[in-house]
Structure formats: structure tokens, C-alpha cells
Amino acid sequence: MSALRRLGMLVAVLVLSGAVASLAWAGAKKYEGVPLRVMLPDGWTEAKPVSNLLLEAGKILGTDVKISWYSMDELHDKALIDFTAGNKTWDILAVQSYNRAEWADMGLIVPMGKYIAEHPDVVDKAKLAMNDYYDISIRNYTHKGVWLGAPMYVTGVALFYRTDLFNHPDEKKNFKAKYGYDLKEPATYKEFRDIAEFFTRKAGQTLAGKVLTSDFYGTSHSDKPVGFLWSDFVNYLIAFGADDVYDPKTMRPTLNSPQAIAAGNFMVSLVPFMPPGHLNFTSGESTAVFAEGSVAMTIEYFLRCADMVLNPAKSKVADKAAFTVLPSVPGVKGREHAAHHGGNFLGLYSLSGNMEAAYKTIELAFSKEIMRKVYIEKYVPYGWIPPRPSILHDPEIQKRVPWMKEALTKLMDRKDIYYFEQAPLPEYFRAMDAAATALHKAMSGGTTVDKGFNEAQKETEVLFKKAGYIK
Amino acid sequence: MSTTMGKRAGSGWAGVLRNPTLMFLLPMGLYLILWRAIPLLYTVFLSLNDWNLVRRGGARTFIGLDNYVSLVWDARFHDSLWISFVFMVVATGIQTVLGVGLALATDRSFRGKSFVQGALLLPMFLTPVAVGAIWYILFQPSIGPVNYLLSFLGLGPYNMLGSASTALWAIVIADTWQWTPFIYLLVLSALQGIPETIIEAAQIDCASDFVIVRKIILPLIKGTILVAALLRAMEAFRVFPKIYVMTGGGPGRATEASGILIYKTAFRFFEIGYASAMTIIMLVLLVTAYGFYLNVVRRVSLEY
């Protein structure tokens, strides 16, 4: 090959590379300067990491990502009011799992699956990588067969407990003497209650060989009505074999079913073993009580506890806390270790004027590359659990996150956990309000579960009749 | 006069613009129409509709008085009105007694008077949400100072916000802390308006302090006390932010006052029509109270 020919080829390669690069650049900068208004909930552990994903994607695409923070309730109200008023203010917003049907049915969000189906030319399937999510993440955020949005994290509710107490020889001995079986991770809710009762002590009594200077409690829950309380209670409700508010086959409310009442009575029976003030605890407050060392067990979202309990910078019990699956109720088949998966997703606001840029920003933000980069740079080892299994199984991540392997084995990859999501019904919030309010009243001693749930049943029947589900 | 002016000025908008009386009234008239009359009429209109933002794609249906008929049988709404009423009576009563007492106690010369009066008025300048948050922490059973004190005295800890029988009282305490200064301020200014000679004459006649207060001072300021109490009562009936922050209406529905229920119905359940009907009923009750207030003011002015 002559030198001239080689030079010609080199020039051709350079020109071609230049052309490809400029095409790629043009593609990347197609959305340069497009403003994207994002509504996120302040206080959700996963919200900050997701905001950073979006900002990172915005930097690459050139979109001008502006995040607005609201409290959980404010976000819900504002989104609905803005949508009803026809305000095009927003492009992307966080959707709480129990609002997903309401928002999808009223058209507040454009389901991501629908957008993808209608705009195949816009979609980059490699970045979207739908096969790199846990089934539960896709299943939970699918409504009427359509995927609604990008999951903001993975893992549901787990049981956290104090290993120093569970392994203390005196405590083990005393427990066995009192209850007739060994003190260990509770496998059933009866055992859970026994352990909660056993560890509830007054100041001046001894706990694990030390005299207590303040009262100590068996368990802590977030019982502030209605969302916090219901998110805790729904684990019992499902584990005890009840429907989540209604029977999907008949569409009849089942709040006063024997199983629901049994679950309610169980929750009320835990009240003496909870710290004072639990009736107004948010999820953060309940976890904080465990993290400060005043409680033996807590049932909480793993993501929150990973950040607040396992993190030595925030927790006094980081070195003596362990986690496991939730207990079960013997005889309730198919609902072993029933745990609310919860979680929230990022959706496309239907009135957005920049839908394509919004979609592309989410697509890129949730790509494995950006997710891994943001996770490693900012949130390893405690601040977040990205929803992509490939990241969680990444050897480097496993090396840097001490609890990751155990969490994968015990929670995310385990197949015998009945993960569930709250029922997708526009009226769910109101039915939940009726039932949670009744339960709250029963927990404060104002009524019985039986009476409260019967009243809630009547209220929900009226609601369902009005909605046309039943006659 | 107005007819003459009207004729001179011409008719229609041109007439209004040339008429100084109407011109001066125009801004207020516009304000009343835009900010008061139109929203009120729109709320009345909404109250005659079945409008749920979530159901049927947010479609609105005219249903006449159905929402009002439903409210007649709505036990939850009746309970909420009762809670608002109890809160109004108890909170206003305590605040009035305390406000009058403090005004009487500080209406004299003593060292640090300005500081004491300033400190007494301070809570009034806080927003109700901030007051709610402060008292939520104060009443917190584990870390709250109130329970620490109760425990120290061997009386606690007691979860006031977590008990159906005490939660409303906890909110009354927070409201009293914030609004007693309002009554105090009005009564103090009334006390300072009483001529010294009247008190001196009574003292010359050897009347005791108690007799002076009961027979002279209180009758002279009773109009102010009534007006202050009525103003507070109307505000207390609409209580919302403190309950929202401190209990959210719980435990159960023990503190679900009408304001909270209307908020939930409108912004949690998105039953806009039904919430509007509740609002109109609340408004009717408050207008009735306001009519009573105006009557009292008129009678008091006549007495003076």
C-alpha cells in the first residue's frame, strides 16, 4: 500500500470518525437547554439519589433539570391540583405506590410503557434495560398491563433486631424459662409478640446484664395516621390472610373480615410494647428510636434502616443490629414472610410540554452506567439501594457495601418472600383512611378493632357503591 | 343627591369614571367582587355538584342539593362540628379568663413591666404551624419537656397527643398559649382607658381591690371582653394548622375538627363538591356568629 493511499485512508477514517462524533454530539445535545421541572418528596431516602441521577443525566443531555422539593402530602396535593387546573408546570414527578392507580386512571401521568410503545424511535432499549430490574419492581408499577414508571429503589419491609440482646446468655435463659422455646429471630408473629413482650422493661430493671436508666421497649412502629400507620399495618393484614381493603373478584370491601380483625387485634396487642408517642411516629421517628437503642425490634423499610440503623454515623446500634425477613402466620399458605414492597417510581407528568426530553432524561438517569456512577460516588455504603440487580451484584459494590451480600441473600434474591404492593384502586386512599383511622382509635383505646373495622366497612361500602363497583 | 349626581355624571362605566364617590368605591368594590363574591359564589356552585377529581376523569355533575342532604346524615361531619364547637368554647373560655386575669395583674407599675408585657405578647406573633410544631415536641412522650416534668413530679410520662381523651386538650393548651395574648392586649388597652378618678373615688370610699374589679372595672370593660372573646371564638371554630401538625385529626378522629375534615374531603379524597357544601355550612354558622358579634358591638357602643 502506497504512502499516499495510506494517508488517504487515514483522512477518510478521521473524517468518518468526526462525522460520527458530531452526529452523536448533535443527538446528545438535541435537548440542550430544555427546562425540566421535577417534583420530588423531601424526606424519602431514595429521593436525593434519584435527584442526583436526573442532574447527572441532565448534564449529559443538556436538559436544564430543576428539582422542587415537597413533603409527601404536599406533593400529592400539588400534583393533583396543578393537573386539574391544567398547569403545565411539571415534567417529571415521583409517584407514591398507593397513588399509582389513581394517578394513572385520571391521566395525571403518562405510563412509561405507553410512551415507550408509542415512541419506539425515541427509545434506547440498551439504556432502558428492562430486564435489569427485579420482577417485583416491574410488577408493582404495572397497572392494567402497562408499566407506569422507573422504580426509585428496591427492597421492601424487613425486621431489624438487636443481636446483643438476642444473643445474651441471661436473656436467652430467661426467655426459654418464660416461653418454653429458644430466643431467636421470630419465625411467626406469635413469637414476634412474645419477644416484644419479653424485652419491654422499666427503668431500673436489668437488660442484658445492665441496669436500665430509662424504659426499654420490645418494638417500634410508625403509627401516625393514615399513610404511616397503614404502611405498617398492611404487612399484618396480608400475613394474616386478609384482603388489602377489598376482594378484587367481587370488588366488595372486606375490612371487617375475620382475618382483618385478627390482624387489627394483633397490632393492638403490640401497643404495650411500643414507646410512648408511637401513635404519632412517622417512619423516620420510629426508626430513630431503634437507632438510638431504646427498642429491641422494629419493622421498617430496609432502605430507611440501611441508612439510619446500619450506618454508624447515624446509629448507636449499628454494630449490634441485624435484619431478616418478616415473620409469618402459620396456616396462611402462599403469604410467607409477607412484606410490603412499597417504593415509589418516577413518572412522566401528562401535561408536560417537554415529554420527549423528560423521557430521555429518565431513561439516561436510570441507565446502569449513570446509576452505578452516582451510587459509587455518593451513596455507598448506606444511602441508597439502586433498583438494578446488576449493580447490587457488582463485585466492587459488594466489596464496598458490607451488608449487601447478606441483604441480597436474605431479602432481594430470596424467592419465598410474599412481596406485595397496595391495591391499585383510585378509591384506595379513602378506604385506607377509614380503616387506618379506626385502627388508630382502637390502638389509643377509643374503640375495639371489631367495632372500628365494622364502621370502616360501612363507610367503604358507601364509597364503593358511589364509585359503581358494587350495588 | 345620588340621582342628581348620576344624571350629571351620565350612565354606564363612563358615568362611574366621572363620579368621584363611585370612583373611590370602585377599588373596594372590585376587591369584594373578585376576592370575596366570585369565590363564594363559585363555592356555592361547586357545592351543588358531584365533583371528584379522581373519579370519572374528574367530570362534574350537577346534583342540586344532594350534597347538603347527605351532610344532614353524615355523622362524621356532625362529629367534626361538635369537636370544633367544644374546642371553640373551651379554648375561648380559658383564653378569656387568662387574658383578663393577666391584663388586670399587669395593669399597674412594676419593675420589668415592659419586658413582661413584651414576653406575654410574643406567642401571638408566631404562625400557628410553628406553634403546633413547638407543642408537638413539648408534648412528645419520650423527649418532650412536658413529660419530663410530669415524670419528675411522679405523674407521667403521659402521651397527651396519643390519647383520645386528652389530645384535644393538648391542642387547647397550645392554642391558649398562642392566643391568650390577643385577649390580654385588647383588655389591657380597655383597662388603660378607664379614668383614674373612678378608681380613686372607689378607693376613697374604702372599696377593696376585689370589689373595685368586680363592681367597677369588669362592668366597664365587659364590652371589650365580649368582643375579644367573640373574635377569638370565630377564629377558634376554624382551627386547622395546629391540629394538622399536632395530631392530624387523631387519635382516630378524636381531634378531627371541621377544618380538618373539609381539608381531607377536598384534598385527600378530592370530593370537591361535598367539601364545598361543608364549607358553606361552616360559613353559615360563622356568619350567624358574626351577626351576633355585630349586635354586641352595636349594643356596647350604645352603652358608651
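In chain B, 68% of the contacts between residues at least 6 apart in sequence join residues at least 24 apart; two residues are in contact if their C-beta atoms, placed from the backbone, lie within 7 Å. This is a predicted model: local features need pLDDT of at least 70, side-chain atom pairs count only at pLDDT 80 or more, and totals for chains, interfaces and linings use all residues. Residues are numbered from 1 along each chain as its sequence is written, while chains are lettered from A and ligands numbered from 1 in the order in which they are written.

**Chain B**

- The secondary structure of chain B comprises 14 helices and two strands. Helices (H or I, at least four residues) and strands (E, at least two) are DSSP runs, numbered from the N terminus.
- Chain B has a radius of gyration of 25 Å, whereas a compact globule of 304 residues would have one near 19 Å. The radius is taken over C-alpha atoms, and the globule rule is 2.2 Å times the number of residues to the power 0.38.
- The C-alpha trace of chain B spans about 65 × 65 × 30 Å along its principal axes.
- Of its 304 residues, 33% count as buried. A residue is buried if 20 or more other C-beta atoms lie within 10 Å of its own, exposed if 12 or fewer, and partly exposed in between, with C-beta atoms placed from the backbone.

**Chain A**

- Chain A has 21 helices and 18 strands. Its radius of gyration is 25 Å, close to the 23 Å that the globule rule gives for 471 residues, so chain A is as compact as a globular protein of that length.
- Along its principal axes, the C-alpha trace of chain A spans about 95 × 55 × 35 Å.
- Of the 471 residues of chain A, 51% count as buried.
- Among contacts in chain A with a separation of 6 or more, 72% are between residues 24 or more positions apart.

**Strands and sheet of chain A**

- Six of the seven residues of strand 1 (residues 35–41) of chain A are buried.
- Strand 1 of chain A runs parallel to strand 2 (residues 64–70) of chain A, paired over seven bridges. Strands pair if DSSP finds at least two bridges between them. Pro35(A) has Asp64(A) in strand 2 as its bridge partner.
- Four strands of chain A form an open sheet in the order 11-14-8-15, with mixed pairing. Strand 11 (217–220) and strand 15 (321–324) of chain A are at the edges, each with a single partner strand, so one side of each lacks a neighbour in the sheet. The twist averages 20 degrees from one strand to the next.
- Strand 11 and strand 14 (residues 295–301) of chain A run parallel, joined by three bridges. Tyr217(A) has Val295(A) in strand 14 as its bridge partner.
- Helix 13 (residues 283–291) of chain A packs on this sheet, touching strand 8 (157–162), strand 11 and strand 14 of chain A. The direction of helix 13 makes about 145 degrees with that of strand 14 of chain A. Axes are lines fitted to C-alpha atoms, for helices over the stretch in contact, and angles run from 0 to 180 degrees between N-to-C directions.

**Core and interface**

- The largest nonpolar core has 202 residues, and Ile92(A), Ala158(A), Phe160(A), Cys305(A), Ala435(A), Leu439(A) and Val187(B) touch the most other members. A nonpolar core is a set of buried Ala, Val, Leu, Ile, Met, Phe, Trp, Tyr and Cys residues joined through C-beta atoms within 7 Å.
- Helix 9 (residues 167–192) of chain B gives this core its largest share, twelve residues.
- Beyond its neighbours within four places in sequence, Leu439(A) contacts Leu229(A), Phe233(A), Gly264(A), Met267(A), Val449(A) and Gly452(A).
- The contact between the chains takes 24 residues from chain B and 26 from chain A.
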